[in-house]
Amino acid sequence: MFVEGLRCRECGREAEIAAVHVCEFCFGPLEVVYDYEGMAKAVSRDRISKGPRSLWRYADMLPMLPGTTEADHVDLGAGYTPLVRAPRLGAKLGLRDLWVKNDTLNPSFSFKDRVVSVALTVARSLGFDTAACASTGNLANSVSAHAAAAGMDAYVFIPSDLEETKILASAVYGPKLVAVKGTYDDVNRLCGEIAGEFGWAFVNVNVRPYYAEGSKTIGYEVAEQLGWQLPEHLIAPMASGSMLVKIDKAFTELVTLGLVEETPWRISGAQATGCAPISTALNDGTGFVRPVKPDTVAKSLAIGNPADGYYAIDAVRRTGGAMGDVSDDEIIGGIRTLAETEGIFAETAGGVTVATLAKLVEQGRIDPSARTVAVISGIGLKTTDAVAPMLSPTHTINAGLSDFQEAVKLDD
Amino acid sequence: MPTRRWHLTFPEDLVQEPIVYRLVRDYDLVINLRRADVDHEVGWILLEVKGENAQLDGGRRYLEDVGVTVSDAGGDVLLG
């Protein structure tokens, strides 16, 4: 347990461990502070390799409160997902050493299981018995599933016009599922107010400092799976920008702790053009993140006012990475390219990552020989509506052998 | 008294408008500015706002109607 407290990213003031996410003085975001000296003495490659095949192999590097034991972990087995070589996708994009971090293979099929698993573990340590979130998809699924497994009550807020399949993927776990009538902005406003009124662990509000730390495990795993080496380049999708920031933090921590040799890394970010406040701010040179009204097929990345936008820009600038954004058509193309070359069916956020990577390569903004990792954050079965109009049987035949032979002959 | 923490983002045409003054005068809200970055093109303000719920709702509606983007101090709450 190496958590020392919380610190404001803006004014540097410190705060005690509690369910609080902004600095009382300047309203800047709070971040967990660790005793890295003590952590360095405790962790080692050997100790980690003997840990569970989940994100909990890195428990020493996560914000576990004093007294937390392995039995306290809210654990559905999230993390330690495959890092696979992607030679066929690499050849198609013009990258000679491309890898895919396949986070579709998490318990509720997205990377959100990482952050929720950590958030609910800390929430229980802080004495909460109710978890909550506001979400249009992955986060709702993950909070519902983890709360069920932890025996916690769950309140999950969704827009009332959400598609039926997305409602089912949360409702099946038995949370109190509150469908809110109104616009995206209305739901956002109400949930912001609710989060301040009730004594719940609202995962991306009052326990956000701990929740966000769960994303570091993507960075830890990538390095470990590459044989304790940092990749030269990594590209991640951006919604709030938090995942990208935390992967960068993970690489820094691995160096600080002596677990990897310090080698240069670049981090790049991918957004959908219909919701690209962060990449726009970087690429127009202003660095000013203007809130937008999301209008994109990539619903899981549709955050118009991203909390970590400035920090994502800082990480990308500091490491020499790049940002780009892609249209809905390009996103669908990215999903299909990844599926057809590597056999991985990603949701729309994965399409954003692949298509943005392709665009950055075309623009000459990525070294084609660099060892590159693309983070694929969720499964395509959750967003089948995005690709369904383009996909159908390649042949429809009558049930006769000659019909099949005739149809196949047409392909020759 | 109910309290909110708002992050306001102003487009260029509103930078010179006395937005905060109107929140105090027309909606009887108590304002405490915590951080801000405003120049001639764009700007944002982080503030604490105290008032009765009806006043808070009215003030927020006014801001949104004139084109100010209002969000929770920690960014959007509704995620994917």
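Predicted model: local features only at pLDDT ≥ 70, side-chain atom pairs only at ≥ 80, totals over all residues.
## Contact between chains A and B

The contact between the two chains draws 34 residues from chain A and 17 residues from chain B. On the side of chain A that touches chain B, β6 (130–135), α5 (138–150) and α7 (184–197) each supply at least two residues. The largest share comes from α7(A), with 6 residues. By class, the residues on this side of chain A comprise 19 nonpolar, 12 polar and 3 charged.

## Helices α4 and α5 of chain A

Helix α5(A), one of the elements that supply the side of chain A touching chain B, also packs against helix α4 (residues 112–125) of chain A. The angle between α4(A) and α5(A) is about 45 degrees, and their axes are 9 Å apart. The two helices are therefore oblique to each other, and their crossing is right-handed.

From α4(A), the residues in this contact are Lys112(A), Asp113(A), Val116(A), Ser117(A), Leu120(A) and Arg124(A). Their partners in α5(A) are Asn138(A), Leu139(A), Ser142(A), Val143(A), His146(A), Ala147(A) and Ala150(A). The contact of α4(A) with α5(A) contains 6 nonpolar, 4 polar and 3 charged residues.

## Helices α9 and α10 of chain A

Helix α9 (residues 216–225) and helix α10 (residues 242–256) of chain A have axes that come within 7 Å and cross at roughly 50 degrees. This angle means that α9(A) and α10(A) are oblique to each other. Their crossing is right-handed.

Lys216(A), Ile218(A), Gly219(A), Tyr220(A) and Ala223(A) form the α9(A) side of the contact. Facing them in α10(A) are Lys246(A), Ile247(A), Lys249(A), Ala250(A), Phe251(A) and Leu254(A). The residues of this contact fall into 7 nonpolar, 1 polar and 3 charged.

## Helices α13 and α14 of chain A

Helix α13 (residues 328–342) of chain A has 15 residues and spans 21 Å from its first C-alpha to its last, close to the 21 Å expected at 1.5 Å a residue. Its buried residues are Glu330(A), Ile331(A), Ile332(A), Gly334(A), Ile335(A), Leu338(A) and Glu342(A). These buried residues of α13(A) pack against α3 (87–93), β5 (98–102), β11 (266–272), β12 (323–326), α14 and α15 (384–387) of chain A. Just after α13(A) comes Gly343(A), with a positive phi of about 75 degrees.

Helix α14 (residues 348–362) of chain A, one of the elements against which α13(A) packs, has 15 residues and reaches 21 Å between its first and last C-alpha, close to the 21 Å expected at 1.5 Å a residue. The helix is mostly covered, with 12 of its 15 residues buried. The buried set consists of Thr348(A), Ala349(A), Gly350(A), Gly351(A), Val352(A), Thr353(A), Val354(A), Ala355(A), Thr356(A), Leu357(A), Ala358(A) and Leu360(A). Gly364(A) follows α14(A), and its phi is positive, near 75 degrees.

Arg9(A) is located in the loop between β1 (3–8) and β2 (14–15) of chain A. Leaving aside residues up to four places away in sequence, Arg9(A) touches Gly28(A), Pro29(A) and Glu31(A). Phe251(A), a member of the α9(A)–α10(A) contact, is 242 residues from Arg9(A) in sequence and 19 Å away in space, C-alpha to C-alpha.

Met39(A) lies in helix α1 (residues 36–42) of chain A. Met39(A) has 17 C-beta neighbours inside 10 Å and therefore counts as partly exposed. Not counting residues up to four places away in sequence, Met39(A) touches Phe2(A), Tyr34(A), Asp60(A), Met61(A) and Leu257(A). Met39(A) and Thr256(A) are separated by 217 residues in sequence and by 10.0 Å in space, C-alpha to C-alpha.

## Helices α1 and α2 of chain B

In chain B, helix α1 (residues 19–27) and helix α2 (residues 53–66) pack at an angle of about 145 degrees, with their axes 10 Å apart. The crossing of α1(B) and α2(B) is right-handed.

Ile19(B), Arg22(B), Leu23(B) and Tyr27(B) in α1(B) are in contact with Gln55(B), Gly58(B), Gly59(B), Tyr62(B) and Leu63(B) in α2(B). By class, this contact has 5 nonpolar, 3 polar and 1 charged.

How values were computed
Residues numbered from 1 in each chain as written. Chains lettered and ligands numbered in written order. Axes fitted to C-alpha atoms, helices over the stretch in contact; angles between N-to-C directions. Helix = DSSP H or I, 4+ residues; strand = E, 2+ residues; numbered from the N terminus. Parallel < 35°, antiparallel > 145°, perpendicular 65-115°, else oblique. Left-handed = near helix turned anticlockwise from the far one by under 90°. Contact = placed C-beta atoms within 7 Å. Nonpolar A, V, L, I, M, F, W, Y, C, P; charged D, E, K, R; others polar. Expected span 1.5 Å × (residues − 1). Buried ≥ 20, exposed ≤ 12 C-beta atoms within 10 Å, placed from the backbone.
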